[in-house]
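Me: I am new to protein structures and would like to learn how to read one. Could you go through the features with me, step by step?

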Amino acid sequence: MRRTVATKVEPDAAASGRPLPDDRLKEILYFLKLARYFDERMEALYRQGRLPGAIYSGRGQEGTHVGVAYALESEDSLFPTHRDLTAQLTKGLDLNRVMAQFWGRIDGYLRGRDGNSHIGDWYGHRTYAVMSHLPIAYPVACGAALAYQRAGSGHIAMAICGDGATSNGRWHEALNTSAVFRLPVVWVVNNNQFAYSTPNAKEFAVPTIAERGAAYGIPGIRVDGTDVLEVYGVAREAVERARRGDGPTLIEAVSLRWRGHAGHDPAKYVPRELLEHYMLSKDPVKNFERYLKDQGVVTDEDVAEIQARVEREFEEGHEYALASPFPEPGDVTKGWWVEDGYWVGEPGRGGGTEAS
């Protein structure tokens, strides 16, 4: 599913006092529920030994992922991390191909070159393939933004990283470059409060990441990353600011991930009371569902239909992935250079569907 995001409050939304029309609010709920169910089911498959590779949960952070990506338009580019699959799905990626990616099949976005979460679809949805060494995509996003600026295209770039990546030199270089040249880019820091196991207080001496923006001469805004509408509103303003030519914005979205760094990590370094507070009081999916019910946007029947759709689409995607062939061994040298057309042509499908 892909939609064109409104860049201002539409009349029917304004009349109701809500920030978006009801159909778009329902769509946001769909993406949140898709994110949560996907995360839970993939973790179950991983622990059952039925999913190859690793998993990087974003549970509890769905409000940030959906909120920032929903502010983008189709030709804007997104530079995510391995934990931002929800943002990519919101941007328009096909769930079937995402599932094929995880199982290393030819119909995955990287055509079986990576059976993991290093997903991207630059040619189709302008999402850059994930790279693990964060925030290595930040300088690349600067390049995309500079290209858009020079072409006068009106497109913008958005890059996401975690709080730990803000201690890397690439992060500071990217922010400084974008500020000096007033590039059309939005910087998002998904502040989990723990960079793997390191709390914020051991990462940086300033109280917030957002206030670092002032040092570069750009706005820095701190938001509740569990509130999808708050995140969306700030992200939309930042996107439009960049599109007008007014330069970059730094957004710090504060939340808490409910799982560890990866599937192997029990996250015992997170205080139990803090985790319980977020799970019970700051669940981005349940809180948004409750808001829509209170506003009369959805009924219990609507929510049940959305949940049924999500579960159906997941199972269809799983079946699609397992039916998709592995890459042909003879194609291993293809796709190294863009000139050979491998990524935009029809790949070989003779690799079979059984793992060797």
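This is a predicted model: local features need pLDDT of at least 70, side-chain atom pairs count only at pLDDT 80 or more; totals for chains, interfaces and linings use all residues.

Me: Let's begin with the overall picture. How many helices and strands does the chain have?

Reply: The chain has 13 helices and 7 strands. Its C-alpha trace spans about 55 × 50 × 45 Å along the principal axes.

Me: What does the radius of gyration say about the chain?

Reply: The idea is to set the value beside the one for a compact globule. For 356 residues, such a globule would have a radius of gyration near 21 Å, and the chain has 20 Å, which agrees.

Me: Now the aromatic rings. How do I describe a pair of them?

Reply: Two values describe a pair of aromatic rings: the distance of the centres and the angle of the planes. In this structure, a search of the whole model finds 12 aromatic pairs. One of them is formed by Tyr 37 and Phe 314, with 5.7 Å centre to centre and 90 degrees between the planes.

Me: Is that pair stacked or edge-to-face?

Reply: Planes over 60 degrees apart count as edge-to-face, so Tyr 37 and Phe 314, at 90 degrees, form an edge-to-face pair. The pair links distant parts of the chain, since Tyr 37 is in helix 2 (residues 22–47) and Phe 314 is in helix 13, 277 residues apart.

Me: Are these two residues buried or exposed?

Reply: Both Tyr 37 and Phe 314 are buried. They also belong to one aromatic cluster, together with Phe 38 and Phe 102.

Me: Where can I see a charge over a ring?

Reply: Go to Phe 326: the charged end of Arg 105 sits over its ring, 4.0 Å from the centre. Another case is Arg 111, which lies over the face of Tyr 342 at 5.0 Å from the ring centre.

Me: Next, the salt bridges. How many are there in the whole structure?

Reply: The search finds 18 salt bridges. One of them brings together the side chains of Glu 315 and Arg 41, at 3.2 Å from N to O. Glu 315 lies in helix 13 and Arg 41 in helix 2, so this pair ties together parts that are 274 residues apart in sequence. Glu 315 is partly exposed, with a relative accessible area of 30%.

Me: Which salt bridge sits within a helix?

Reply: Look at Glu 289 and Lys 293, whose side chains meet in a salt bridge of 3.2 Å, N to O. They are 4 residues apart in helix 12 (residues 284–294), which means that about one helical turn separates them. Glu 289 is buried, with a relative accessible area of 15%, while Lys 293 counts as partly exposed at 32%. Lys 293 also meets the side chain of Asp 300 in a salt bridge, at 2.9 Å from N to O.

Me: Which residues are linked in a network of salt bridges?

Reply: The network links Asp 39, Glu 43, Arg 47, Arg 59 and Arg 259.

Me: What about the backbone? Where is the cis peptide bond?

Reply: For this you read the angle omega. The cis peptide bond joins Leu 134 and Pro 135, with omega of about 0 degrees. Pro 135 lies in the loop between helix 6 (122–125) and helix 7 (137–151).

Me: Which residues have a positive phi although they are not glycines?

Reply: Arg 126 has a positive phi of about 55 degrees, and Arg 182 has one of about 50 degrees. Arg 126 is found in the loop between helix 6 and helix 7, and Arg 182 lies in the loop between helix 8 (169–180) and strand 3 (185–191). Arg 126 is partly exposed, with a relative accessible area of 26%; Arg 182 is partly exposed too, with 45%.

Me: To finish, let's look at the surface. Which residues form a nonpolar patch there?

Reply: The patch is made of Tyr 123, Val 338 and Val 344, with about 340 Å² of accessible area together. Val 344 is in the segment after helix 13 (300–323).

Me: Why does Val 344 count as exposed?

Reply: A residue is exposed when its relative accessible area is over 50%. Val 344 has 60%, so it counts as exposed.

Terms used. Residues are numbered from 1 along each chain as its sequence is written. Side-chain values use heavy atoms; hydrogens and water are left out. Patches are made of residues with over 30% relative accessible area and no salt bridge: like charges are joined within 9 Å, nonpolar side chains (Val, Leu, Ile, Met, Phe, Trp, Tyr) within 5 Å. Accessible areas come from the Shrake-Rupley method with a 1.4 Å probe; for residues, only the protein chains shown count as cover. A salt bridge is a side-chain nitrogen of Lys or Arg within 4 Å of a carboxyl oxygen of Asp or Glu. Helices (H or I, at least four residues) and strands (E, at least two) are DSSP runs, numbered from the N terminus. Buried means under 20% relative accessible area, exposed over 50%, partly exposed in between (1.4 Å probe, protein chains only). Rings of Phe, Tyr and Trp (its six-membered ring) pair if their centres lie within 6.5 Å; planes under 30 degrees apart count as stacked, over 60 as edge-to-face and the rest as tilted. A charge sits over a ring if NZ of Lys or CZ of Arg is within 6 Å of the ring centre and within 35 degrees of the ring normal. The radius of gyration is taken over C-alpha atoms; the globule rule is 2.2 Å times the number of residues to the power 0.38.
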